[in-house]
Amino acid sequence: TKSFLFLRCFYSSDKAVSFKIVGGTDSIQGEWPWQVSLQIRSHLCGASIISDRWLLSAAHCFQDAISNVKIIKMKHFIVGEGTSRTIERIITHPNFSIPGLFNNDIAVLELSSPLTFTDFIRPICLPSSSHVFRDGQTCTVTGWGTLSYQGFYPSYFDADVNIVSNDACIRAYGNLISNKMLCAGILAGGIDACQGDSGGPLVCEESSGTWLLAGIVSFGDGCAQPDTPGVYSHVTALRDWVLQETGI
């Protein structure tokens, strides 16, 4: 049932023996069991497992791929082996718009067959539509993105970043920022998501030990530049749409 799937979201006490982001560190196998790689021959974007049948990613990843849905695959790397599924259906937010505006940059992807959850494959919990991620809260972004702007793809990395206030976000990006977006980063620069991390998760551990999906990597001005934090789709603000499309 849907409630059963929700209860199997990830708790810090459940971490498997452990699995770059600019300025990040090597991740340990199984450390972030909801992260997957979306691939067309090679890595395209990141995504997060939210149930045994559904993934969450960024709408901008699929602007050229919607007509070729069957050739997109998810790949989840587990101790040197991969669990893969084809994507049955991609639903992008109907009010997503580019170029220039990345508002509602969110998509849900239905898998061709369900996943079997293990210590290394688990969904990330979604916040409620009223949840508040506080300014300054330390969260983690993960992915296979480049280590510098227009750089090369690494192995799997993670980095700690801070939730940035809406005022600081607007100072950096002006009227590009809406209430459907969340900024996170290190304002001094040096740590950030980058190309290839798009669609991947920004996750925050709550005091209860539960990890929540706070954001989806969306866009930024270069990578890891001072005073230009990364911009994420704000999952709290888009939560009702996810529920409407997936029932989760």
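Predicted model: local features only at pLDDT ≥ 70, side-chain atom pairs only at ≥ 80, totals over all residues.

Student: What makes the pairing of the Gln 35 and Thr 142 side chains a polar contact?
Tutor: The two side chains come to 2.5 Å. A polar contact is a pair of N or O atoms within 3.5 Å; within protein, one must be able to donate a hydrogen and the other to accept it, and residues adjacent in sequence count only if both atoms are side-chain atoms. Residues are numbered from 1 along each chain as its sequence is written, and side-chain values use heavy atoms, with hydrogens and water left out.

Student: Why is Gln 35 called buried?
Tutor: Its relative accessible area is 3%. Buried means under 20%, exposed over 50%, and partly exposed in between (1.4 Å probe, protein chains only), so Gln 35 is buried. Gln 35 sits in strand β2; strands (E, at least two residues) and helices (H or I, at least four) are DSSP runs, numbered from the N terminus.

Student: What does the side chain of His 60 make a polar contact with?
Tutor: With the side chain of Asp 105, at 2.7 Å. His 60 lies in the loop between β4 and β5, and the residues that His 60 touches include Phe 96, Ser 198 and Val 217, leaving aside residues up to four places away in sequence. Contact here means heavy atoms within 4.5 Å.

Student: Which residues have the most contacts inside the largest nonpolar core?
Tutor: Leu 38, Leu 55, Leu 56 and Ile 87, in a core of 39 residues. A nonpolar core is a set of buried Ala, Val, Leu, Ile, Met, Phe, Trp, Tyr and Cys residues joined through side-chain atoms within 4.5 Å.

Student: How do you know that this core lies between domain 1 and domain 2?
Tutor: Domain 1 (33–122 + 239–246) and domain 2 (137–236) both give residues to this core, so it lies between them. The domain bounds come from an automatic or database domain assignment.
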